[in-house]
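Look over the sequence and the model below.

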Amino acid sequence: MSGGVALVTGAGSGIGRAVARGLSEAGWRLVLAGRRRDALEAVASALPGEALCVPTDVADPHAVEALFAGMAKKFGRLDLLFNNAGIFTPAATVDEIAVEDWMRSVNVNLTGAFLCSRAAFAMMRAQEPRGGRIVNNGSISATVPRPMSAPYAATKHALTGLTRATALDGRAFDIACGQIDIGNAETEMTQGFGKGARQADGTIKAEPFMDARHVAEAVVYMAGLPLSANVLFMTVMATGMPYVGRG
């Protein structure tokens, strides 16, 4: 699929930025979506290949429609969607979570992924040659939550259902869908974990990181498969994380 067109959401920083660079180095043409134009343009300026920057709030259906219209006008097709945009909300027990924080998490982490998947599916289904691939950023919170993180964990668990349903619906149209679950890639969002992260037993302990480029390498691998093959789920994590141990 080298030379295809890839859309990366949340591309202005962190994992999105790393994956955009990895895909560009592998020969993909990029569409970069995120809230801030200046951040997107900074990422684009450092890429070796072509990139279109489209400031987008993925939680806004009209903004997503405009994103896909701009991409269609520029490139005429889409071969890969990396649903990466996501937010953390303040840590709190379920009873202390503000409704506004819950809705914000659902709107960005889940509805945003749905809106982009919906538009990508329609485009991939209709284009010629037909088909494409969707990769969702699930996080290891899609399997095991951190304490005091119900909005994030719930949206990431739901994203697993969206991945499975999209993969099933896509079979008839040569559309593959998979999910990458990431643990402690070093980004702006996760820097605090190196100082101390809340554990299941209530203690606060520093956790190890891995370089975000390893996530990029994994996504590039998933993206490079023929559409007759699919990585449905992949976990990429810092080796020393407490994730696989008992809480």
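Does Asn184 count as buried or exposed? Asn184 has a relative accessibility of 5% and so counts as buried. Buried means under 20% relative accessible area, exposed over 50%, and partly exposed in between, with a 1.4 Å probe and protein chains only. Asn184 sits in the loop between strand S6 (175-183) and strand S7 (197-198). Its phi is near 55°, a positive value in a residue other than glycine.

The model is predicted, so local features need pLDDT of at least 70 and side-chain atom pairs count only at pLDDT 80 or more, while totals for chains, interfaces and linings use all residues. Residues are numbered from 1 along each chain as its sequence is written, and side-chain values use heavy atoms, with hydrogens and water left out.

Start with strand S1, residues 5-9. Helices (H or I, at least four residues) and strands (E, at least two) are DSSP runs, numbered from the N terminus. Five of the five residues of S1 are buried, so the strand is largely enclosed by the rest of the structure. In a regular strand the side chains alternate between the two faces of the sheet. Both faces of S1 are covered. Val5, Leu7 and Thr9 are buried on one side, Ala6 and Val8 on the other.

Now the neighbours of S1. Two strands pair if DSSP finds at least two bridges between them. S1 pairs with strand S2 (residues 29-34) in the parallel sense, over five bridges. Arg29 in S2 is the bridge partner of Val5. From S1 the chain crosses through helix H1 (residues 14-25) to S2, and this β-α-β crossover is right-handed. Right-handed means that, with the strands pointing away from the viewer, the path from the first strand over the helix to the second runs clockwise. S1 also pairs with strand S4 (residues 80-83), again in the parallel sense, over three bridges. There, Val8 stands opposite Phe82.

In soluble globular proteins, nonpolar side chains tend to be buried together.

Some nonpolar side chains sit elsewhere. Val99, Trp102 and Met103 make a nonpolar surface patch of about 290 Å². Trp102 lies in helix H4 and, at 34% relative accessibility, counts as partly exposed. Like charges are joined within 9 Å, and nonpolar side chains (Val, Leu, Ile, Met, Phe, Trp, Tyr) within 5 Å. Areas come from the Shrake-Rupley method with a 1.4 Å probe; for residues, only the protein chains shown count as cover.

Two backbone details remain. A cis peptide bond joins Glu128 and Pro129, with omega about -5°. Pro129 is in the loop between H4 (99-126) and strand S5 (132-137). Ser139 is not a glycine, yet its phi is positive, about 75°. Ser139 lies in the loop between S5 and helix H5 (150-170) and is buried, with a relative accessible area of 7%.

Technical notes:
Patches are made of residues with over 30% relative accessible area and no salt bridge: like charges are joined within 9 Å, nonpolar side chains (Val, Leu, Ile, Met, Phe, Trp, Tyr) within 5 Å. A salt bridge is a side-chain nitrogen of Lys or Arg within 4 Å of a carboxyl oxygen of Asp or Glu.
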